[in-house]
Amino acid sequence: MKLLSRPPAWLAMSLAAAVLVSMLVFFYARTQRNDALNYVEHVAVLRHLKQLDAQWELDVLKSKIGLNAHYDPLAGSLVEMIALLNGIESDLGAEQHGQVAGVAEGVAALRRAIDEKAALVERFKSNNAVLRNSLAFLPTAEQDVRQSLGRLGVHESAAAERMSENVNKLLLASMLYSQSASDEHAADIQSGLRGLDAEKLLLRSETTDRLDIFGAHVRTVLREQRGVNELLGLISAVPTAARVEEIQNVLSAEQQRVADLSRQYLGYLLVFSALLLGLFLYAAARLIRSHAVINRVNKKLHSVNETLEQRVEERTQELRQVQSDLLTTARQAGMAEIATNVLHNVGNVLNSVNVSAGLVGASVRSSKILGLTRAVQMLNEHADDLASFMTLDAKGKMLPVYLTQLSQVLLAEQQSILGELTSMTKSVDHIKEIIATQQAYAGTASLMEPARIEELVEDALRMNAGALARHQVTVEKEFAPVPVLPLDKGRILQILVNLIGNAKQAMEAATDRTHRLTLSVGMVRGHTLRVAVADTGVGIPPENLVRVFAHGFTTKEDGHGFGLHSAAVAAREMGGALTAHSNGPGTGAVFVLELPAGAAPKNEETT
Ligand SMILES: Nc1ncnc2c1ncn2[C@@H]1O[C@H](COP(=O)(O)OP(=O)(O)OP(=O)(O)O)[C@@H](O)[C@H]1O
Ligand SMILES: [Mg+2]
């Protein structure tokens, strides 16, 4: 839960690193603004504008004094200035900084000033053209007047001389006025013109015409020179240079602001870098320390691991030894169990062999064969008079009857001995089967062969026949029809001999009642063979119903507690089961063996 609620350390560290790097990049970007470049470009353009403006005014002055042959230089500067202004304006449109509005206002004012100056220059150009024209023509007009005065008669010579002097003065005054338009020169021209007007009445009309032309040009110079001077004053009063400077001021203020800001961010960047460096050094120190700790822990772990491996190796060796000991013990225990089983079952069968051998011995000992020997001896004694002996002697007369009876007795004896010998042969076969069956414990395949269960029951009964007869046990058989089935005869016989033996012993202990052994055989639930051995013996208390199958459980003084255990194991090995039923002490017991009919036996180890 803790893990879920807290973000992992690497995530927090990555976030912190991302924030730090972003801040670093931000500060660096702030110190790297390219406004400085724009500023330099703008200042260069403004300087050029200023130069063009000065050049323009210079060209106006040159035009005024006639140094320029035509007015093209005036128009060229203007065109270039307008182009530069347009360039600045389009740059401003693309720029983002805070002072764009201030610069744009300055540029607009400059444009207005240039327009105003251009209009004044246009007016100057027309006025100056008229002035230049009159000034250029004045010497020619004066020449014409002088020639006309020269053609006057003697009586007019005094007036002509005065007039000539007057015209000379006027020409000089006009020239001076055109150089420096002072009031004094203007007054001189005015008084010269008045004198000219007064004198010309005395002269001939040809001369008067010339004088009029001259006077008109002088007046034009006087008028236009004043106008041109006024225009020049107005032109130089237009504040184009001031406007350029205003723009420059705004730009340098902005540049200053940006530089201040950059310096500020540079300071932040330095502080932040120092902080990062500190953090880095701290992290490096921590890392080195952690590395040392990890190395130490690693070494410790390594040595612990080596010790652990050694211990594990030792423990493994010990366990291997214990396992091998256990295996030996288990093998010994298994072999002991097998040996017990074999001995027990062989012992059971040997009981009936003993009984049969005893019966045969008793039968042989009490045989009537001696009677035959005596009869043969008697016949030999009377070999010479055998006919008279057989007919006259009392003993001889009885001999044929005796021999007849003797032969019958001997025949019966032979039958009985043969019966017991058959039983003994079967017991010996059973012993062989028991040994073969026990070999199955060691992995030998079980011996399945087609057999009739009734015959196996009969054989088992026969093996216990003597004892059953001795204890007056009534045997009842309830055999339902059962087909020939593949059966492990040895194991089944072993189980039945055990069950019949136990039943006999249980009834032997119950002396107060009749002894009845019921053997039933039949098929149940389709394909299950069922064999039940019921007795009227001492019965089994409920708590012992399961325990009776445990290895070594016995209630008998001379018992081993092995018969039922081995029988149950054998039943399990055949894929079946052996169960005990009893209503308690004194009520007898029923042992039921159920086997799958035709199923392959289980190849299971004994437990
Ligand atoms: N038919 C029966 N009626 C009552 N008790 C029985 C019967 N069969 C077995 N028992 C009980 O089960 C116990 C175990 O029987 P099991 O055959 O295994 O051993 P055992 O007969 O005591 O000795 P042994 O190993 O020599 O046969 C018996 O001691 C007895 O108490
Ligand atoms: Mg027993």
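**Exercise 1: Strand neighbours**

E4 and E5 run antiparallel and are joined by seven bridges; strands pair if DSSP finds at least two bridges between them. Before going on, note that this is a predicted model, where local features need pLDDT of at least 70, side-chain atom pairs count only at pLDDT 80 or more, and totals for chains, interfaces and linings use all residues. Residues are numbered from 1 along each chain as its sequence is written, chains are lettered from A and ligands numbered from 1 in the order in which they are written, and side-chain values use heavy atoms, with hydrogens and water left out.

Task: find which residue stands opposite Gly522, and how E2 is joined to E4.

Solution: 
- Step 1. Start at Gly522 and look across to E5: Arg530 stands opposite.
- Step 2. Now check the hairpin of E4 and E5, with three residues between the strands; there Arg525 takes a positive phi near 40°.
- Step 3. Turn to strand E2 (residues 473-479), which runs parallel to E4 and is joined to it by seven bridges. Val473 has His515 in E4 as its bridge partner.
- Step 4. Seven of the ten residues of strand E4 (residues 515-524) are buried (under 20% relative accessible area; exposed is over 50%, partly exposed in between, with a 1.4 Å probe and protein chains only). So E4 is largely enclosed by the rest of the structure.

Helices (H or I, at least four residues) and strands (E, at least two) are DSSP runs, numbered from the N terminus. The protein has 15 helices and seven strands.

**Exercise 2: Ring pairs**

Task: work out which parts of the chain the ring pair of Phe26 and Tyr265 ties together.

Solution: 
- Step 1. A search of the whole structure turns up three aromatic pairs. Rings of Phe, Tyr and Trp (its six-membered ring) pair if their centres lie within 6.5 Å; planes under 30 degrees apart count as stacked, over 60 as edge-to-face and the rest as tilted.
- Step 2. Phe26 and Tyr265 are edge-to-face, at 5.9 Å centre to centre and 90° between the planes.
- Step 3. Phe26 sits in helix H2 (residues 9-31) and Tyr265 in helix H9 (residues 240-365), so this pair ties together parts that are 239 residues apart in sequence.
- Step 4. Phe26 counts as partly exposed, at 40% relative accessibility, whereas Tyr265, at 15%, counts as buried.
- Step 5. Move on to Phe549 and Phe591: their ring centres are 6.4 Å apart and their planes are at 75°, so this pair is edge-to-face too. Phe549 lies in the loop between strand E5 (528-535) and helix H15 (563-573), and Phe591 in strand E7 (residues 589-596), 42 residues apart. Both Phe549 and Phe591 are buried.
- Step 6. Finally, Phe26, Tyr265 and Tyr268 form one aromatic cluster.

**Exercise 3: Out in the open**

Task: decide whether Leu370 and Asn583 are buried or exposed.

Solution: 
- Step 1. Leu370 is in helix H10 (residues 369-381). Its relative accessibility is 57%, so Leu370 counts as exposed.
- Step 2. Asn583 is in the loop between strand E6 (577-581) and E7. At 75% relative accessibility, Asn583 counts as exposed.
- Step 3. For the overall picture, 36% of the 607 residues of the protein count as buried.
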